[in-house]
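Please look over the model shown here and keep it in view while reading.

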Amino acid sequence: MEDGSRTFKVLSIDGGGIKGLYSAEILQQFEKEFDCHIADHFDLLCGTSTGGLIALALADRVPAAKIVGFYEQWGRVIFPRRARIWGRAFVKLLFGMSQYSPKPLRKAATALFGDKLMCDLRTLVCVPSYSLTAARPYIFKRDHADGKLTRDGNTRIVDVAMATAAAPTYFPIVEAKGHEGHQFIDGGVYANNPTLIGLMDAFRFFVGVGKRYDAISVLSISSLDVPTGSRLRRWRGAIRQFKREVIPAFMTGQAKMTDFMMCQFDALPEFPVKYVRVPSVVVGPDQVKHVQLDSATKKAMKLIRSMGRDQGFEWKNKEEITAFFSTPCSYRIED
């Protein structure tokens, strides 16, 4: 980032349910270290599912510390322990029902965002969801300052947060006012790591010949990766294992493939992309049961937060991280 005014900076945040606490804690460590708000140093914020909620909150200038508090306050309300009793979960899955009610999540998102609209955000965002009715990805975006992109400005932020977080089997499909004809599910089905979404949006609108910027720098924040290598052993456990192991494997696999592709771009000298990813810490065998998308017990959240705190502390002084915070963002909504 030799010339901050010519480098478009993107922050990407993975999905992962309650494990978003890990990502939020890392970002809190960065805000403490650099005495700043994250959004003041990035031109575009991308996030999927729980990462989308974090990206929307940052774009609304919510401090990372408050986002951490959001998970601690609402985690067990959104993912109540009683809903994970095997008999009840089995019946719900068997009859095609979502395991969790969306009402607590919507109540929590409303407490965070109120009735604000996407046009109220002060930083560009890309938040992936998937339209079941149109059978295609749908990426919610903040309108651009130059008026070239004006589509989602009047959409409620709460509806976007719900649409990107509607993980199959966990939450039901979502409809959003102003987007009639679409029924949305979690963007993690194709972009749990939304880095490529941000990269392509940057190239399409901002970076390249004849455009304002000539390079891109991407900071990607991982969720916690849980080892998923196993076999579906007995038919009686197949449904439970599908939810606990196969669905997370989809999301982890996509995130790792995106990371691999971004590393290839980063290695090409003719490609104007600098890529940095803060990875997952190693999750030990005895920790796996506590590090799940919907495990919001006190012990689980304490563990997840401590992992994020340690990773943030380790990474905050790395040269590749300090480079992102050495210059402010240069794209302004009011430009």
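The text below goes from strands to a loop residue and then to packed helices.

This is a predicted model, in which local features need pLDDT of at least 70 and side-chain atom pairs count only at pLDDT 80 or more, while totals for chains, interfaces and linings use all residues. Residues are numbered from 1 along each chain as its sequence is written, and side-chain values use heavy atoms, with hydrogens and water left out. Helices (H or I, at least four residues) and strands (E, at least two) are DSSP runs, numbered from the N terminus.

Strand 1 (residues 7–13) runs parallel to strand 2 and is joined to it by four bridges; two strands pair if DSSP finds at least two bridges between them. Leu11 stands opposite Leu45 in strand 2. Between strand 1 and strand 2 the chain passes through helix 1 (residues 20–34), in a β-α-β crossover that is right-handed, that is, with the strands pointing away from the viewer, the path from the first strand over the helix to the second runs clockwise. Strand 2 is also joined by three bridges to strand 3 (residues 124–131), and these two run parallel; here Cys46 has Cys126 as its bridge partner.

The loop between helix 1 and strand 2 holds His41, which is buried, with a relative accessible area of 11%. Leaving aside neighbours within four places in sequence, His41 is in contact (heavy atoms within 4.5 Å) with Lys9, Cys36, Phe324, Phe325, Thr327, Pro328 and Cys329.

Turning to the helices, helix 2 (residues 50–59) and helix 3 (residues 64–78) pack at an angle of about 140°, with their axes 10 Å apart; axes are lines fitted to C-alpha atoms, for helices over the stretch in contact, and angles run from 0 to 180 degrees between N-to-C directions. Helix 2 and helix 3 are therefore oblique to each other, since angles under 35 degrees count as roughly parallel, over 145 as roughly antiparallel, 65 to 115 as roughly perpendicular and the rest as oblique. Among the residues making this contact are Leu53 and Ile54 of helix 2 and Phe70 and Tyr71 of helix 3.

Helix 3 also packs with helix 10 (residues 298–315), at an angle of about 160° and with the axes 11 Å apart, which makes helix 3 roughly antiparallel to helix 10.

Definitions and conventions
Buried < 20%, exposed > 50% of the residue type's maximum accessible area, 1.4 Å probe, protein only.
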